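Please look at the sequence and the structure before reading on.

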Amino acid sequence: MDLPRIFTIRESSHRIHNPLTANKYAALGESLRLSPGTRVLDLASGSGEMLCTWARDLGFTGTGVDISTMFTQQARDRAIELGVVDRVEFIHGDAAGYVAKQRVDVAACIGATWIGDGVPGAIELLDRSLRPGGMMLIGEPYWRRTPPDEQTAEDFSASAFADLLGLPDLLGQFQDLGYDVVEMMLADQDSWDRYTAAQWLTMRRWLDENPDDELAPQVREELATEPVRYVRGIREYLGWGVFALMKR
Ligand code: SAH
């Protein structure tokens, strides 16, 4: 049970595996106005940057669950580095169906709603771990603008982005599911670059060091094509945000 290796090759140098920056995560944590001791469950916690920095800066405690052995190890190392091992715990495992033994104050799924087969299922899953009156955090992409040209639309329709909503419809979906949207933190083009452009140097260095790896041809091909595809498509048209929700 592990994340396919291509992802860890692209993102081995990332602490945050989504288009938010450290500053945006810090501002998001503060914006929630929660007290020290707040208990967080983070499903698909990646390398644990959100939990570790919020534990250090805001006094939160928490558990992260992620399917990647490499990212989970990075999360544990980060907890040691930031001096928060007594406040956070990282479990290697499948987060689909994961329910906390004790209900938490904040339940999050940032950039992995597929663990619930989409937004409604992810919300249902998180709700099973959340105390009444608690806060949910969902990280999800949306259309910032609709692609106007055929080539870009084609690139997207062949991708995981085919079924996305626009931002008003995404917020409407949260509301239709019975939730108030109480805060949000959105990516911008610069923070998208920190996520995506930062992968190119990681890939290039990995290629230089691993020319004979079985994935080298795929990584070479991606490095040759992805930068142009990214600036033509994702960077112009795709939005991404974390939305804080409270049940009505
Ligand atoms: N929330 C983190 C990671 C987002 S990237 C952050 O914002 O940095 C998506 C993450 O989902 C990856 O870390 C990947 O390993 C994890 N993942 C994918 N499928 C999963 C599953 N079934 N169970 C747990 N984690 C999963």
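The model is predicted, so local features need pLDDT of at least 70 and side-chain atom pairs count only at pLDDT 80 or more, while totals for chains, interfaces and linings use all residues. Residues are numbered from 1 along each chain as its sequence is written, and side-chain values use heavy atoms, with hydrogens and water left out.

**Ligand site**

The ligand is surrounded by 20 residues, each having a heavy atom within 4 Å of it. The closest are Asn 18, Ala 44, Asp 66, Asp 94 and Ala 95. By class, this shell holds 11 nonpolar, seven polar and two charged residues; Ala, Val, Leu, Ile, Met, Phe, Trp, Tyr, Cys and Pro count as nonpolar, Asp, Glu, Lys and Arg as charged, and the others, Gly among them, as polar.

| Protein atom | Ligand atom | Distance |
|---|---|---|
| Tyr 25, side-chain N or O | oxygen | 3.2 Å |
| Asp 94, polar side-chain atom | nitrogen | 2.8 Å |
| Ala 95, backbone N or O | nitrogen | 2.8 Å |

Taken alone, the ligand exposes 570 Å², of which the protein buries 90% (Shrake-Rupley method, 1.4 Å probe).

**Nonpolar cores**

A nonpolar core is a set of buried Ala, Val, Leu, Ile, Met, Phe, Trp, Tyr and Cys residues joined through side-chain atoms within 4.5 Å, where buried means under 20% relative accessible area (1.4 Å probe, protein chains only). The largest such core has 37 residues, of which Tyr 25, Trp 54, Val 88, Ile 110, Leu 137 and Trp 192 touch the most other members. Helix α3 (residues 49-58) gives the most to this core, with six residues; helices are DSSP runs of H or I with at least four residues, and strands are runs of E with at least two, numbered from the N terminus. Apart from this core lies another of 25 residues, among them Ala 107, Leu 125, Phe 174 and Phe 243.

Asp 193 is found in helix α8 (residues 189-209) and is buried, with a relative accessible area of 13%. Its side chain is joined to that of Arg 235 by a polar contact of 2.8 Å; such a contact is a pair of N or O atoms within 3.5 Å, and within protein one must be able to donate a hydrogen and the other to accept it, while residues adjacent in sequence count only if both atoms are side-chain atoms.

In helix α7 (residues 167-176), Leu 167, Leu 170, Gly 172 and Phe 174 are buried. The buried residues of α7 pack against α5 (119-127), β5 (130-143), β6 (179-186) and β7 (238-247), with contact meaning heavy atoms within 4.5 Å.

Definitions and conventions:
Buried < 20%, exposed > 50% of the residue type's maximum accessible area, 1.4 Å probe, protein only.
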